[in-house]
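Subject: Structure handover

Hello,

Here is the structure we discussed. Please look it over first; my notes come after it.

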Amino acid sequence: MAVEDKYISYRIYLVAFAIFLMAIAIAVKLTNIQWVEGDYYRKLAKERTVKNFVIPANKGNIYSADGSLLATSIPNYEIRFDAVAPKAEAFEKNVKSLSDSLASALGRPSNFFENELRKARANKNRYYLVARKLSYTQYSKIKSFPLFNLGAYKGGIIIEQETVREHPIGKIAERTVGYERTSHGGALDGKGIEWAFRKYLNGKDGKILKQKIAKGQWKPIRDINEVDPQDGYDVISTIDVYVQDIAHHALLKQLELYEADHGCVVVMETKTGHVKAISNLGRANDGTYYETTNYAVAESHEPGSTYKLADLMALLEDKKADTSTVYDSKGGVVVYSGKKVNDSHKGGYGKISLARGFELSSNTVLVQAVYNAYKNEPSKFVNHLNNFGLNKTLGLSIKGEGVPYIPQPSDKNWSNISLPWMAFGYGVHITPLQTLAFYNAVANDGEMVKPQFVSEIKEWNRTIKKYEKEVLNPRICSPETILKLQAVLANVVKKGTGSKLYSKDFSMAGKTGTAQVNYGKSGRSGMYYASSFVGYFPADKPMYSCIVVVHRPNTALNNFYGADVAGPVFKRIAQKIFTDAPSTNEIKNLNRKIAKQENNYDSYFVKSEKKLQLIPNVKGMSGMDAVALLENLGVKVRAIGVGKVKKQSLAAGQNIVKNTTILLELS
Amino acid sequence: MIANTQRFEQKVFQIAELTNQVKELRSEFVDRRSELMKLKMESTVSEKMIEKEIFPSTVPPIKIKVKKEEEKSFFKKIWQ
């Protein structure tokens with residue numbers, strides 16, 4: 001035996017020592033993990049299984065005045081396809097019919113989808129994009145298509161959801177309702193009511209701590225949220241969708257008819273300044289119209305003739321002239337510093353009163369009136385304009401309001417023609433909404449109110465904030481002046497430039513305007529017209545005021561004037577509002593007998609009671625009676641026209657043959 | 001304890017499912033409502049009516065209100 005016992009025990013010691021070393025190493029490592037690096041690992045473990053979740057606050061809705069939804073948040077869907085998930089036979093069986101269905105739903109050829117789907121499968125693409133930004137209806141349709149209806153594991157459909165802002169009434173008033181978005185730089189930006197009232201709409205996000213459980217779900221650790229989310233408030237706008245609809249489509253019709261560049265229309269409630277409708281349409285390259293810019297709010301331009309109301313107001317206030325003061329239109333041309341002021345009617349209007357000059361929108365009459373009265377003290381006239389609020393913004397809640405401009409006599413660029421040019425609306429700038437606010441002040445008996453887009457902020461049924469009417473100027477001029485101006489404005493529609501709009505059914509008052517724009521630049525070649533109409537209705541008891549401006553109408557037909565282009569939009573809106581309120585007739589006695597009617601009825605009754613054997617003479621009988629009488633005899637009746645029977649095709653006294661047709665001519 | 005946790009987790013799954021359902025239903029509601037809004041607009045209706053040659057009225061409807069004469073009660077007749 002070569003090995004001695006001594007060596008065996010050495011060997012055992014050696015192995016035991018090695019094991020002991022290992023045990024020490026493990027203990028050291030354990031100690032290290034548990035105590036030295038312990039905090040780090042405990043934190044890591046917690047992060048993996050416990051997470052702070054943001055509970056997004058629900059954004060408030062925007063409602064119209066009549067309670068329709070203008071903007072709300074809803075999820076929209078994105079559908080992707082895991083091309084590896086379906087089994088080969090399921091894929092082959094369904095790919096054709098799936099492509100056909102997708103083609104009909106998404107408007108692309110069927111073989112396009114088939115190729116794409118096959119390619120995705122060949123490339124083992126597990127995340128192929130089928131369609132995005134789908135509404136619920138589209139999404140639920142696509143979900144039910146062959147293959148996709150097998151579900152995520154067998155059919156490979158992947159559904160992703162995202163919350164977006166939706167406008168249920170579509171493109172109507174889109175710009176005024178507005179939006180809020182994150183720009184490329186990450187800063188928030190927006191337009192319209194959405195942006196102006198974001199403070200109320202957005203609410204505050206909450207927080208909750210959750211722990212990971214099976215199926216990729218997380219469970220809340222505590223019963224209560226760490227921070228409770230606060231939902232956004234609802235904003236009730238002043239827009240009435242029915243008036244808005246009419247305004248939008250009436251404007252669209254005129255823009256399309258005149259192939260105009262852009263236009264806007266605003267309808268405002270006279271007493272409160274609530275904007276009932278606001279539509280801004282601009283022409284795209286393909287000739288269709290979109291809400292692109294809020295022209296009514298933002299576009300400050302030379303108004304032309306609609307500015308003449310301010311002339312009249314100033315002249316009457318200073319008693320420099322009266323509506324009956326007579327001016328000579330001097331053949332339609334007057335000259336100041338070598339520059340001509342022309343009337344649109346060649347040859348002028350002869351000698352007419354100031355009021356008549358306004359009704360016919362005579363540039364020469366109004367310019368002379370203003371120039372003669374204020375040539376020595378132009379600052380007095382300009383101060384009037386300033387006091388009427390024509391040089392100030394209205395301080396609207398939505399951003400982007402255009403700044404009006406009136407040259408001041410103290411300015412460097414004030415010239416000899418500043419005053420006369422101002423008198424017919426040139427050299428001054430004003431936005432459509434500012435012009436409207438001014439005309440509305442006349443309609444509202446001198447009280448100028450601020451146009452408002454929002455009437456209330458609400459949380460469910462609880463009112464958070466109410467926007468009362470805001471008076472900008474309680475009295476812009478004396479009541480006598482207002483009465484005169486109201487009469488003149490009504491006459492514009494009765495017998496002036498707006499006479500084409502006159503309707504015997506309802507009254508309107510207003511002023512036409514046809515301004516030249518860009519006349520100074522590029523040798524008049526860039527010149528175009530801006531036709532407008534601003535006024536209120538009904539003329540005697542104003543309820544709504546309205547402005548319509550159409551830029552660059554087609555002048556080929558030579559009817560680019562305010563009354564032709566903008567007027568019909570105004571009239572359509574007035575008509576809509578007028579026909580919406582039924583007129584009421586009260587009568588006391590239902591049983592009143594009218595001799596003639598009784599007579600008619602009795603004679604018919606006698607005839608209808610008789611058992612007739614022959615075709616009766618129905619000439620002179622009212623159509624309604626004749627039809628009833630003849631049909632009861634078993635003849636078929638065809639009637640042409642309305643009124644009383646003039647002619648019957650089967651003569652009286654003929655035998656009655658059932659189902660023959662008798663032709664009645666009525667008139 | 002384990003059974004309790006299980007039940008709690010079942011509830012969480014159920015809530016997740018219901019939330020999704022709520023979202024879908026809301027989405028459907030807005031979709032349908034927006035369809036309805038478009039259909040009931042006067043411009044849509046009047047466009048559809050053009051082929052039937054029915055146009056928007058230029059005069060408002062007239063409401064005829066019949067005032068019923070109050071029947072005087074026996075007592076009122078006595079004291080009149």
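The notes below take the interface, then chain B, then parts of chain A.

Please keep in mind that this is a predicted model.

Interface of chains A and B

Chain A puts 47 residues into the contact, and chain B puts in 36 residues. The area buried between chain A and chain B is about 3700 Å², with 58% of it on carbon and sulfur atoms.

On the polar side, 19 residue pairs are in polar contact across the interface of chain A and chain B, both residues being at pLDDT 80 or more. On the side of chain A that touches chain B, the elements that give two or more residues are β3 (69-81), α5 (136-143), β5 (157-166), β9 (218-220), α10 (241-258), α20 (567-580) and β25 (583-587). Of these, β3(A) gives the most, with 6 residues. Sorted by class, this side of chain A holds 21 nonpolar, 16 polar and 10 charged residues.

Side chains of opposite charge can pair when their charged atoms come close. Between chain A and chain B the count is 3 salt bridges. One of them links the side chains of A:Arg572 and B:Glu42, at 3.1 Å from N to O.

The two chains also share strand pairing. β25(A) runs parallel to strand β1 (residues 62-66) of chain B, and 5 bridges join the two. Within this pairing, A:Asn585 has B:Ile64 in β1(B) as its bridge partner.

Chain B

The secondary structure of chain B consists of 3 helices and 1 strand, in the order α-α-β-α along the sequence. How does the radius of gyration of chain B stand against the globule rule? The radius of gyration is 30 Å, well over the 12 Å that the rule gives for 80 residues, so chain B is more spread out than a compact globule. Along the principal axes, the C-alpha atoms of chain B fill a box of roughly 85 × 55 × 15 Å.

Sheet and hairpin in chain A

Chain A has an open sheet of 6 strands, in the order β13-β12-β11-β24-β23-β22, with antiparallel pairing. Its edge strands are β13 (289-290) and β22 (509-517), each of which pairs on one side only. β22(A) is joined by 9 bridges to strand β23 (residues 528-537) of chain A, and the two run antiparallel. There, A:Thr514 has A:Ser531 in β23(A) as its bridge partner.

There is also a hairpin to look at. Strand β6 (residues 179-182) and strand β7 (residues 188-191) of chain A pair in the antiparallel sense over 4 bridges. A:Tyr179 stands opposite A:Lys191 in β7(A). The hairpin has 5 residues between the strands, and A:Gly186 takes a positive phi near 95 degrees in it.

Salt bridges overall

How many salt bridges does the rule count over all chains? The count comes to 28. Among them is the pair of A:Asp82 and A:Arg126, whose side chains meet at 3.1 Å from N to O. This pair links distant parts of the chain, 44 residues apart. A:Asp82 lies in the loop between β3 and α3 (88-106) of chain A, while A:Arg126 lies in the loop between α4 (110-122) and β4 (128-134) of chain A.

Regards

Notes: Residues are numbered from 1 along each chain as its sequence is written. Chains are lettered from A and ligands numbered from 1 in the order in which they are written. This is a predicted model: local features need pLDDT of at least 70, side-chain atom pairs count only at pLDDT 80 or more; totals for chains, interfaces and linings use all residues. Side-chain values use heavy atoms; hydrogens and water are left out. Contact means heavy atoms within 4.5 Å. Buried area is the accessible area (1.4 Å probe) that two parts lose on being put together, summed over both. A salt bridge is a side-chain nitrogen of Lys or Arg within 4 Å of a carboxyl oxygen of Asp or Glu. A polar contact is a pair of N or O atoms within 3.5 Å; within protein, one must be able to donate a hydrogen and the other to accept it, and residues adjacent in sequence count only if both atoms are side-chain atoms. Ala, Val, Leu, Ile, Met, Phe, Trp, Tyr, Cys and Pro count as nonpolar, Asp, Glu, Lys and Arg as charged, and the others, Gly among them, as polar. Two strands pair if DSSP finds at least two bridges between them. The radius of gyration is taken over C-alpha atoms; the globule rule is 2.2 Å times the number of residues to the power 0.38.
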